[in-house]
Amino acid sequence: MVERRPVKPADLMGMAAAAGQEARLVAARRKLANIRLTDEERRVCIDELAEQFAVGRLDELELHRRVDLMNEAVTHADLQPIFQGLPAPSMYLPRPKQPGRWRWAVFVGAVWTAVPFVLLGLIFLVFGREIAAAVFGLPALAWSLIAYRWASQPRREQSKR
């Protein structure tokens with residue numbers, strides 16, 4: 001008899017995220033299935049086959065067979081047998097998302113919040129109160145730097161594999 005372990009919510013969320021990513025990949029392939037391949041797409045696919053050979057997923061004979069099929073392929077639908085058992089070509093994977101404009105709006109708000117403290121720190125520095133200048137100015141500058149780094153980083157994907 002097979003022992004059944006309780007399923008953790010984190011495992012279910014991971015499986016759901018993987019299923020969603022797989023569904024997006026299938027939808028992207030289906031949308032491009034009847035579109036003809038360009039020379040650049042062929043080059044990308046051949047490069048990815050060469051990478052799979054370098055990793056050790058393909059032997060030399062299999063690589064040559066798949067490259068010959070690649071050269072005969074006309075549409076994106078013809079790529080499915082070529083990449084059977086291999087990771088999907090990168091042209092079907094979703095592009096990394098760029099940071100949204102709202103992040104930059106938050107950054108501007110953080111800088112405007114920090115400006116009075118930096119100015120107060122400069123005033124204290126001019127009048128010889130270095131400790132007070134450091135107490136007011138440095139945290140405000142650090143706050144602005146942290147907000148900038150946060151605004152400029154791309155959004156993280158839900159599940160990386």
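Helices (H or I, at least four residues) and strands (E, at least two) are taken here as DSSP runs, numbered from the N terminus. This is a predicted model, in which local features need pLDDT of at least 70 and side-chain atom pairs count only at pLDDT 80 or more, while totals for chains, interfaces and linings use all residues. Residues are numbered from 1 along each chain as its sequence is written, and side-chain values use heavy atoms, with hydrogens and water left out.

**The whole chain**

With the cartoon in view, the protein chain shows six helices and zero strands, so that its pattern along the sequence, by that DSSP definition, reads α-α-α-α-α-α. Of the 161 residues in the protein chain, 23% are buried. The chain exposes about 12500 Å², of which carbon and sulfur atoms supply 62%; accessible areas come from the Shrake-Rupley method with a 1.4 Å probe, and for residues only the protein chains shown count as cover. If contact is taken to mean heavy atoms within 4.5 Å, then among the contacts with a separation of 6 or more, residues 24 or more positions apart account for 69%.

**The nonpolar core**

Next, select Cys45, Leu49, Met70, Leu79, Ile82 and Phe83, which are the residues with the most contacts inside the largest nonpolar core, a group of 13 residues. A nonpolar core is a set of buried Ala, Val, Leu, Ile, Met, Phe, Trp, Tyr and Cys residues joined through side-chain atoms within 4.5 Å. Helix H2 (39-55), helix H3 (60-72) and helix H4 (79-82) each supply at least two residues of this core, and H3 gives the most, with three residues. Centre the view on Ile82 and display its surroundings: leaving out residues up to four places away in sequence, Ile82 touches Leu49, Arg66, Leu69, Met70 and Ala73.

Side chains of opposite charge can pair when their charged atoms come close. A salt bridge is counted when a side-chain nitrogen of Lys or Arg is within 4 Å of a carboxyl oxygen of Asp or Glu, and a search of the whole structure finds four of them. Select Glu40, Arg43 and Asp47, which are linked in a network of salt bridges. Glu40 and Arg43 meet at 2.5 Å, N to O, and these two residues lie three residues apart in helix H2, about one turn of the helix. Arg43 also forms a salt bridge with Asp47, where the closest N and O atoms are 2.6 Å apart.

**Helix H6 against H5**

Now select helix H6 (130-152) together with helix H5 (101-126). At 1.5 Å times one less than its number of residues, the 23 residues of H6 should span 33 Å, and its end C-alpha atoms are 32 Å apart, which agrees. Within H6 the buried residues are Ala133, Gly137, Ala140, Ser144, Ala147 and Ala151, and what covers them includes H5.

Is Ser144 buried or exposed? Ser144 counts as buried because its relative accessibility is 15%, and, apart from residues up to four places away in sequence, Ser144 touches Phe107, Val111 and Ala114. Turning to H5, select Phe117, which counts as partly exposed at 41% relative accessibility. Beyond its neighbours within four places in sequence, Phe117 is in contact with Phe136, Gly137 and Ala140; the C-alpha atoms of Phe117 and Ala140, 23 residues apart along the chain, are separated by 6.2 Å.

**A nonpolar surface patch**

Finally, show the surface and select Leu120, Ile123, Val126 and Phe127, which form a nonpolar patch with about 430 Å² of accessible area together. Patches are made of residues with over 30% relative accessible area and no salt bridge, with like charges joined within 9 Å and nonpolar side chains (Val, Leu, Ile, Met, Phe, Trp, Tyr) within 5 Å. Phe127 lies in the loop between H5 and H6, and counts as exposed because its relative accessibility is 66%.

Key. Buried < 20%, exposed > 50% of the residue type's maximum accessible area, 1.4 Å probe, protein only.
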